[in-house]
Amino acid sequence: MATSRTLVLMRHGKSGYPDGVPDHERPLAPRGEREAGLAGAWIAEHVGRVDAVLCSTALRTRETLAATGLGDAPTRFERDIYGGSADEIIDEIRLADTYFDDVTVTTLLVVGHEPGIPWTALELAADDDTDVAREVRHRFPTSAIAVLTTEKTWAEISASSATITEFCIPRADQ
């Protein structure tokens, strides 16, 4: 019997732009920390337990993960997610069972950047013309979250093999 898997794709929180700091080392802004915390609360409430995390090596993604409060799940930091295309991010997702071979990963969180994260959601979507897919295509701001489900194993995941089930832009006024 197939096991349904949940993929949570999250863009990092709003970052700061300190003078002279390279892009990879930019930290979160205070707003980014707040919104990443809201994102973590939303994930905990709407998705549930995260079994493992793949995270970009950029400082702002690492700080986003910490601010979500979900960082107690086994985590792997991958440079290919930083600036990665949809294909590169999907390649990382395919390795989840290898990376986390001591954990059964049914819910995987990936923390990355735009445009890679929204492009990955749309690439994996079996139907990219649903209302929720149109929302993802239209706007994927900082701390936004797309939730996808699939019956494929992580190693088998490919274009058009998942369904985007939810999209959230966590803000304090919601």
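The model is predicted.

**Stop 1: helix α1.** Select Arg-31 and Glu-35. Their side chains form a salt bridge, with the closest N and O atoms 3.3 Å apart. The two residues are four apart in helix α1, which means about one helical turn separates them. Now compare their surroundings. Arg-31 is partly exposed at 35% relative accessibility, whereas Glu-35 is buried at 8%. Side chains of opposite charge can pair when their charged atoms come close.

**Stop 2: two more bridges.** Select Arg-137 and Asp-128. Here the closest N and O atoms of the salt bridge are 3.5 Å apart. Arg-137 is partly exposed, with a relative accessible area of 43%. Asp-128 is also partly exposed, at 37%. Then pick Arg-134 and Asp-129. A salt bridge joins their side chains at 2.9 Å, N to O. Arg-134 has a relative accessible area of 35%, so it counts as partly exposed.

**Stop 3: a network.** Select Asp-23, Arg-26 and Arg-60 together. Salt bridges link these three residues in a network. In total, the structure holds eleven salt bridges.

**Stop 4: Asp-51.** Move to the loop between α1 (30-46) and β2 (52-56), where Asp-51 lies. Is Asp-51 buried or exposed? Asp-51 is buried, because its relative accessible area of 4% falls under the 20% cut-off. Show its side-chain partners. Another, of 2.9 Å, runs to the side chain of Thr-106.

**Stop 5: the negative patch.** Select Asp-80, Asp-87, Glu-88 and Glu-123, which form a negative surface patch. Zoom in on Glu-88, found in helix α3 (residues 86-94). Glu-88 is partly exposed, with 37% relative accessible area.

**Stop 6: Thr-61.** Go to helix α2 (residues 59-68), which contains Thr-61. Thr-61 is buried, with a relative accessible area of 0%.

**Stop 7: Ala-155.** Finish in the loop between β5 (145-150) and β6 (163-168), which holds Ala-155. Ala-155 is exposed, since its relative accessible area is 53% and the cut-off is over 50%. Draw a distance to Leu-109. The two C-alpha atoms, of Ala-155 and Leu-109, are separated by 16 Å, and the residues are 46 apart along the chain.

Notes: Residues numbered from 1 in each chain as written. Predicted model: local features only at pLDDT ≥ 70, side-chain atom pairs only at ≥ 80, totals over all residues. Heavy atoms only, no water. Patch = residues over 30% accessible without salt bridge, like charges linked within 9 Å, V, L, I, M, F, W, Y side chains within 5 Å. Areas by Shrake-Rupley, 256 points an atom, 1.4 Å probe, with all protein chains shown as cover. Salt bridge = Lys/Arg side-chain N within 4 Å of Asp/Glu carboxyl O. Lys, Arg positive; Asp, Glu negative; His and termini not counted. Charge placed at Lys NZ, Arg CZ, Asp CG, Glu CD. Buried < 20%, exposed > 50% of the residue type's maximum accessible area, 1.4 Å probe, protein only. Polar contact = N/O pair within 3.5 Å; in protein donor to acceptor, adjacent residues only side chain to side chain.
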